[in-house]
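User: Hi! Could you walk me through the ligand sites in this one?
Analyst: Happy to, let's have it on screen.

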Amino acid sequence: MKIRIHGWAMALLFAACWTPFAGAQMREKDARGQEWWQHAVFYEVYPRSFADSNGDGIGDLNGITSKLDYLKDLGVDAIWITPFFPSPQVDFGYDVSDYENIDPMYGTLEDFDRLVSEAKKRGIRVILDFVVNHTSDHHAWFLDSKSSKTAAKRDWYIWRDGKGPDQPPNNWISTFGSPAWKYDPATKQYYYHYFYPEQPDLNWRNPAVEKAMFDVTRFWYQRGVAGFRLDAVDTLYEDPNLRDNPPLPGKDKFGRPLQDERYNKKLPEVHQALQRLRKVADEYDAVLIGETWTKDVKQLEAYHGEGNELHLPMDLMLTELPFSAKAFRAHIQSLDAAKSWPTYVISNHDIRRPYSRYGDGVHNDDIAKLMAGFYLTLRGTPIMYYGEEIGMENNDPKRKEDVKDPIGVIGWPEEKGRDGERTPMQWDSGPNAGFTTGKPWLPVPESAKKYNVEAENKDPQSILAFYKQVIRMRKTEPALLEGAYVPLNESDVNVISYLRKSKNGTILVVLNFSTAPQNPVFDLRKQGFASAEVKGLLQNAASAPDGALKSIKLDAYGVYIGRVND
Ligand code: NOJ
Ligand code: CA
């Protein structure tokens, strides 16, 4: 008992002493031997939509700074801000025309420095988005590259002759609905773009490109940035021989035949580049998060390398599973068995919001709390998406003429694009949900009257109140940070139950993924508890008296979290 208190007190002491600072940072591990990013709650901010400080209808850096107290109160330890660099905004910032500046619509470098220093005062670290695969076609590098076949930077991008008149170099297709090659009549060659034509792929086989990109990370590390989320890492390298991708049965969402993208995705060279990028990150004790779309746990594992690639490759597979206890349990168990540190997300700016994705139209609020009780109590690092904590719904465009995201225009009506999950953060029940005094760049839904920070802060039963409690519990219950994941009642098709078990305590999590009331029975003798007793810490649509572990009752989508004692 004595040792247990001592260990935990030490952890608190370390946490209290922590201060992020610019430049080279001291590698710190806490008393559990974990690094800060293992027990941090990350939060994705889409800057266009978070808070608008100057009334132009587009969020900005000063807007983010004005909401840091909210983020601190929520329990956020690090924010990942999606691109705010100069950009023609074809892909809303993922088409960068200068990696070392701020687009005037978002503010200035001084605003950025203030954001970092105000965040630091609140113990919040700042992570940037690094668009590694491509630049904007307005970037000075591409303008030079395009200027002639002998330009200094011609080889910074991927230029090739066509196979013949009007025939691109191979059969690769862009994920955004067009061929992946664009012909340039001036130099009579094609350039390659995995995303929009306005996003030409960089040639990472050219050492000068790699050096320039690594220097970009140094520029931001020296400004106090704590790490990067790496965009589209899968697509960094292409087959030098440009072999055709083999066709696959079926069609994509734009009606084109599917192909096995074996020659333009996940090439082995990606891992070597990540190892070199990691060395630069290590000089600054920075963290690398990856946008890693993988088909199985083995592929995801590969992105950790030998602990020398990404710290936090995102598990995006969870977002593609059906809402079912069986599917979720199997997935979590395979990820946990892999032993690397998992990174969980249920939502981001490219994926339908979980409130709409999982909601059944009746129990949406309970389902939102259930998902929070689930992914925020697993062994691993969670990355939240703004607005998820207040139950923001997807607000899809109703008419093609309202669509802002180009893929929604190309693919309408089957593919409506990503506007729906990017609408303004809902701060209050006033005009435009308090996001802007002007006209918001995307519309605020009717539901913002009820689902907003101001209203939910006053309601102890709100989704926001629940999120705050789970996050607080993560910080006060050592088992949730360091404990092993121990699955219970594994054949239950409705209820996922598990322990987070550590030498400093044990937490029981019980989650009903069905509409039917449930009364699961637990026998923890195999887990080393001769006569387990439980004390409730947090619940929704559930009840259980403190004491013997036999009468936990869950209503539809109920959550029960308790502390287990012998
Ligand atoms: C992934 C980003 O999350 C998405 O928004 C963007 O369109 C593509 N990468 C291309 O940069
Ligand atoms: Ca590429």
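User: Which residues surround ligand 1?
Analyst: Ligand 1 has Asp91, Tyr94, His134, Phe176, Phe195, Arg229, Asp231, Glu291, His349, Asp350, Arg418 and Arg422 around it, counting residues with a heavy atom within 4 Å. This is a predicted model, where local features need pLDDT of at least 70, side-chain atom pairs count only at pLDDT 80 or more, and totals for chains, interfaces and linings use all residues. Residues are numbered from 1 along each chain as its sequence is written, chains are lettered from A and ligands numbered from 1 in the order written, and side-chain values use heavy atoms, with hydrogens and water left out.

User: Nice. How far is an oxygen atom of ligand 1 from the side chain of Asp91?
Analyst: An oxygen atom of ligand 1 is 2.5 Å from a side-chain N or O atom of Asp91. For His349 that kind of distance is 2.7 Å, and for Arg418 it is 3.0 Å. The protein covers 97% of the 300 Å² of accessible area that ligand 1 has on its own (Shrake-Rupley method, 1.4 Å probe).

User: Switching to the calcium ion (ligand 2), which residues coordinate it?
Analyst: Asn133 (OD1), Asp201 (OD), Thr235 (O) and Glu238 (OE) do, at 2.1 to 2.2 Å. Donors here are N, O and S atoms within 2.8 Å of the metal, or 3.2 Å for Na, K and Ca; water is not among the atoms, so sites may look incomplete. In sequence, the spacing of these donor residues is N-x67-D-x33-T-x2-E.

User: Are Asp201 and Thr235 buried or exposed?
Analyst: Asp201 and Thr235 are both buried, meaning under 20% relative accessible area (1.4 Å probe, protein chains only).

Key
Buried means under 20% relative accessible area, exposed over 50%, partly exposed in between (1.4 Å probe, protein chains only). A polar contact is a pair of N or O atoms within 3.5 Å; within protein, one must be able to donate a hydrogen and the other to accept it, and residues adjacent in sequence count only if both atoms are side-chain atoms.
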